[in-house]
Amino acid sequence: MLIAGFPAGAWGTNCYVVAPAAGEECVIIDPGHQAAQGVEDTLKKHRLKPVAVVLTHGHIDHVASVVPVCGAHDVPAWIHPADRYMMSDPEKALGRSIGMPLMGELTIGEPDDVRELADGAALRLAGMDFSVAHAPGHTEGSVTFGMPAAVDVPPVFFSGDLLFAGSVGRTDLPGGSHPEMLRSLARVCLPLDDSTVVLSGHGPQTTIGRERATNPYLREVAAGGPDRGAGNATPRRGM
């Protein structure tokens, strides 16, 4: 399996390009602010052909390049229905202006083909299997994408802004909820195998085993208690 990731734009949002191997079809995950050129460079380097864009949630730092990327390759974008409005109205999703200079660099709106994700859905894209889990807390329509283990390859978990190395996504923006975040961590993350590689929306990769042992939010959820001690955690990233 080939996974090429790079941080893009003002928020350093991780965009991922996933394929069975070089020279094959691929899926693009979270082409955010100023990600379009990085996507094109990655496609050219590995000789890849996109078949879909999939989105972990609707914040502008994860979707800003959806329209140009989908348009350039005539592919659909998949997003949870609760976050779909954010593609056309990013400021409503943030509860504040994101700034006119930055707005001038964004392509606001939906691509021609938008498809909606559902909890528990199984997507077969580019010959690969992705399991979808609805994981509200950061936004109402946040989802994660899981890929099963293969020969010599551990399972992979694209966590979006649910789980980071040492922290979790912020919950203070419209649609965010700290109790929902904790429930999503318990329901979506805790059942995963310790060997699962976590590729998040911001920051470095980690594993479920490492986060189960060291992440204060996940440790408290695993212990069945409130979010005690999490105030000393690494600051939360993302929008």
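Me: Helices are DSSP runs of H or I spanning at least four residues, and strands are runs of E spanning at least two, both numbered from the N terminus. In this predicted model, which elements each supply at least two residues of the lining of the largest pocket?

Reply: They are the strands β8 (128-134), β9 (143-147) and β10 (156-160), together with the helix α6 (178-189). The largest share, 4 residues, comes from β9. The lining comprises 16 residues, and Ser131, Ala133, Gly146, Phe157 and Leu192 are those nearest the centre of the pocket. The volume is about 160 Å³.

Me: What makes up the lining of the largest pocket, by class?

Reply: There are 9 nonpolar, 5 polar and 2 charged residues. Gly counts as polar under the classification used, so Gly146, one of the residues nearest the centre, is placed with the polar residues.

Me: Why is Arg84 said to form a salt bridge with Glu110?

Reply: The closest N and O atoms of Arg84 and Glu110 are 2.8 Å apart. The criterion asks for a side-chain nitrogen of Lys or Arg within 4 Å of a carboxyl oxygen of Asp or Glu, so the pair qualifies. Arg84 is in the loop between β5 and α4 (90-94), Glu110 is in the loop between α5 (100-103) and β6 (114-116), and the two are 26 residues apart.

Me: Why is Arg84 called partly exposed?

Reply: Buried requires under 20% relative accessible area and exposed over 50%; Arg84, at 23%, therefore counts as partly exposed. Glu110, at 32%, is partly exposed as well.

Me: How do you know whether Asp172 is buried or exposed?

Reply: Its relative accessible area is 56%. The threshold for exposed is over 50%, so Asp172 is exposed. Asp172 forms a salt bridge with Arg170, with the closest N and O atoms 2.7 Å apart. Arg170 is partly exposed, at 23%.

Me: Why can the salt bridge of Arg212 and Asp194 be said to tie together parts of the chain?

Reply: The side chains of Arg212 and Asp194 meet at 2.7 Å, N to O. Arg212 lies in helix α7 (residues 208-214), whereas Asp194 lies in the loop between α6 and β13 (197-200), so the pair ties together parts that are 18 residues apart in sequence.

Me: Which residues of the largest nonpolar core touch the most other members?

Reply: Among its 28 residues, these are Ile28, Val39, Leu48, Val53, Leu55, Val66 and Met87. The largest share of this core, 4 residues, comes from β1. Core membership requires burial, therefore Leu55 has under 20% relative accessible area.

Note on methods. Residues numbered from 1 in each chain as written. Predicted model: local features only at pLDDT ≥ 70, side-chain atom pairs only at ≥ 80, totals over all residues. Heavy atoms only, no water. 1 Å grid on protein atoms, 1.4 Å probe; cavity = no way out; pocket = protein on both sides within 12 Å on 5 of 7 lines; lining within 4 Å. Points joined across faces, edges and corners; volume = space filled by probe spheres on them. Core = buried A, V, L, I, M, F, W, Y, C linked by side-chain atoms within 4.5 Å. Buried < 20%, exposed > 50% of the residue type's maximum accessible area, 1.4 Å probe, protein only.
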